[in-house]
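Subject: Structure handover

Hi,

Here is the structure I said I would pass on.

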Amino acid sequence: RRNGGEVHRKLEALGARMQSGLERIFSEKGVTATVSRIGSAFCAYFMKGVPADWHDLAARHDFDLDRRYRRALIERGVYHFPLACKQGSISAGHTEADIDRTLEVTREVVAGL
């Protein structure tokens, strides 16, 4: 509640920046992906649309691509939990520059997939 919820507004803005950047990268590179986000928590699903349930995810998500994507990010210094479909989280300690750097590395990774 401090400062009228300033931290929540910041996290929402950073989350939106991450989501739109990821969507733009996947689209530009022709990768089928959907980015789901609530506030500062986000996840890229390598499928069309957000999965309705585990069965939908298991049937349509590209788990191999997800594994290679996460591994390549980690190898370049961007930590995304190394299990398919685990959400990424943005904290109050992150800055716009952190998001931009993550997106820059993601662009390199997606180009190489």
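One definition to start with: a residue is called buried under 20% relative accessible area, exposed over 50%, and partly exposed in between (1.4 Å probe, protein chains only).

Two housekeeping points. This is a predicted model, so local features need pLDDT of at least 70 and side-chain atom pairs count only at pLDDT 80 or more, while totals for chains, interfaces and linings use all residues. Residues are numbered from 1 along each chain as its sequence is written, and side-chain values use heavy atoms, with hydrogens and water left out.

**Salt bridges**

Back to R68, which forms a salt bridge with D64, the closest N and O atoms being 3.1 Å apart. (A salt bridge here is a side-chain nitrogen of Lys or Arg within 4 Å of a carboxyl oxygen of Asp or Glu.) R68 and D64 are four residues apart in helix α3, so about one helical turn separates them. D64 is partly exposed too, at 39% relative accessibility. As for the element names, helices (H or I, at least four residues) and strands (E, at least two) are DSSP runs, numbered from the N terminus.

The search of the whole structure turned up nine salt bridges. Which residues are linked in a network of salt bridges? They are R17, E96 and D100. The side chains of R17 and E96 meet at 3.6 Å, N to O. R17 sits in helix α1 (residues 6-28) and E96 in helix α4, so this pair ties together parts that are 79 residues apart in sequence. The side chains of R17 and D100 also form a salt bridge, at 2.8 Å, N to O. With R17 in α1 and D100 in α4, that pair ties together parts 83 residues apart in sequence. On accessibility, R17 is partly exposed at 30%, E96 is partly exposed at 48%, and D100 is partly exposed at 32%.

**Pocket**

The largest pocket has a volume of about 220 Å³. For the method: on a 1 Å grid over the protein atoms alone, a pocket is an open set of points with protein on both sides within 12 Å along at least five of seven lines, and lining residues have an atom within 4 Å of a point. Grid points are joined across faces, edges and corners, and the volume is the space filled by probe spheres set on the points. There are 13 lining residues, of which V78, Y79, S89, H94 and T102 lie nearest the pocket centre. β3 and α4 (96-112) each supply at least two residues of the lining, and the largest share, three residues, comes from α4.

**Nonpolar patch**

Y79 turns up again on the surface, where I74, Y79, F81 and L83 form a nonpolar patch with about 400 Å² of accessible area together. Patch members have over 30% relative accessible area and no salt bridge, and nonpolar side chains (Val, Leu, Ile, Met, Phe, Trp, Tyr) are joined within 5 Å. Areas come from the Shrake-Rupley method with a 1.4 Å probe. F81 lies in the loop between α3 (63-75) and β3 (88-89), and is partly exposed at 38%.

**Cysteines**

There are zero disulfides, taking a disulfide as a pair of cysteine sulfur atoms within 2.5 Å. For C43, the nearest cysteine sulfur is that of C85, 5.5 Å away. C43 is buried at 4% relative accessibility, and C85 is buried at 17%.

Cheers

Note on methods. Patch = residues over 30% accessible without salt bridge, like charges linked within 9 Å, V, L, I, M, F, W, Y side chains within 5 Å. 1 Å grid on protein atoms, 1.4 Å probe; cavity = no way out; pocket = protein on both sides within 12 Å on 5 of 7 lines; lining within 4 Å.
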